[in-house]
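Hi everyone, thanks for coming.

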Amino acid sequence: MLLGGVGLLVVIGLVVVLGGGKKDGDNAAAAATKPPVAAPAAATPTPTPASAAKAGKTPTKPAPALSAAVLADARTLLADAKALSNEGVQARNAGNNELARQKQSAASDTVEAIKATTAANWAWLEEAELEGWSMSGEYADLGKLYTDLLNLENRIRKGGGTR
C-alpha cells in the first residue's frame with residue numbers, strides 16, 4: 001500500500017513536470033484574445049410564438065373562442081404553479097413537510113384554476129385530437145400547455161398536494 005501511494009505521487013509529479021498544466025504566459029495570451037463578456041440583459045418574458053395550424057379533417061362542431069390573452073394567462077398561472085411546486089420540493093428537502101404540503105396544495109389549486117378557465121377549450125381539443133380535426137395554432141399551443149400542465153399535476157400529486 002505504501003508503494004502504491006509513492007507510485008501515485010511519482011505519476012502526478014511527472015504529469016506536472018511534463019506540461020500537464022498551463023504556463024503563465026498562456027493565461028495572459030488567452031485573456032488578451034477573448035472579447036469582454038457583456039453583462040446579461042434583464043430577463044423579460046418573451047411571448048411564446050403561436051404554433052402553426054394543424055391540418056386535418058373539417059371539424060363537425062365549431063371550436064370555442066380561444067384568445068391569445070387566455071393562453072397568456074394560462075401560461076402565467078402555469079409558471080406560478082411550477083414555482084409553488086418547486087418551493088414545496090425545497091421545503092420537503094429541508095425537512096419542513098407541513099410547508100411542503102401547503103405549497104403543493106397551492107400549486108394544485110392553481111392547476112385547477114387553469115383547468116377551470118380552459119375547460120370548454122380543452123374538451124373541444126380532446127375531441128379534435130381524437131377525431132383528427134384541423135385546428136388553429138392557438139389550439140395547438142393549448143395542447144402543448146396541457147402536456148406541461150398534466151406533467152406538473154402528476155408531480156404535485158406525488159409531492160403531497162391535496163385539493
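By salt bridge I mean a side-chain nitrogen of Lys or Arg within 4 Å of a carboxyl oxygen of Asp or Glu.

Before I go on, a word on what you're looking at. This is a predicted model, where local features need pLDDT of at least 70 and side-chain atom pairs count only at pLDDT 80 or more, while totals for chains, interfaces and linings use all residues. Residues are numbered from 1 along each chain as its sequence is written, and side-chain values use heavy atoms, with hydrogens and water left out.

So what is the secondary structure of the chain? Six helices and zero strands. Helices here are DSSP runs (H or I, at least four residues; strands would be E, at least two), numbered from the N terminus.

Now to helix α3, residues 68-93. With 26 residues at 1.5 Å each, α3 should span 38 Å, and its end C-alpha atoms are 37 Å apart, which agrees. The expected span, by the way, is 1.5 Å times one less than the number of residues. Just after α3, G95 takes a positive phi of about 95°.

Which residues of α3 are buried? They are L71, A74, L78, A81, L84, S85, G88 and A91. Buried means under 20% relative accessible area, exposed is over 50%, and partly exposed is in between (1.4 Å probe, protein chains only). The cover over those buried residues includes α4 (97-117) and α6 (137-158).

The whole structure has five of them. In one, the side chains of D141 and R75 meet at 3.7 Å, N to O. D141 is in α6 and R75 is in α3, so this pair ties together parts that are 66 residues apart in sequence. D141 counts as buried because its relative accessibility is 7%, whereas R75 is partly exposed at 25%. In another, K103 pairs with E87, and their closest N and O atoms are 2.8 Å apart. Here K103 belongs to α4 and E87 to α3, 16 residues apart.

Next, the nonpolar core. What I mean is a set of buried Ala, Val, Leu, Ile, Met, Phe, Trp, Tyr and Cys residues joined through side-chain atoms within 4.5 Å. The largest one has 22 residues, and Y139, L142 and L145 have the most contacts inside it. α3, α4, α5 (119-131) and α6 each supply at least two residues of this core, with the largest share, seven residues, coming from α6. Take Y139: apart from neighbours within four places in sequence, Y139 is in contact (heavy atoms within 4.5 Å) with A63, P64, L66, N121, W124 and L125.

Finally, the whole chain: of its 163 residues, 25% count as buried. Thanks, and that's my tour.
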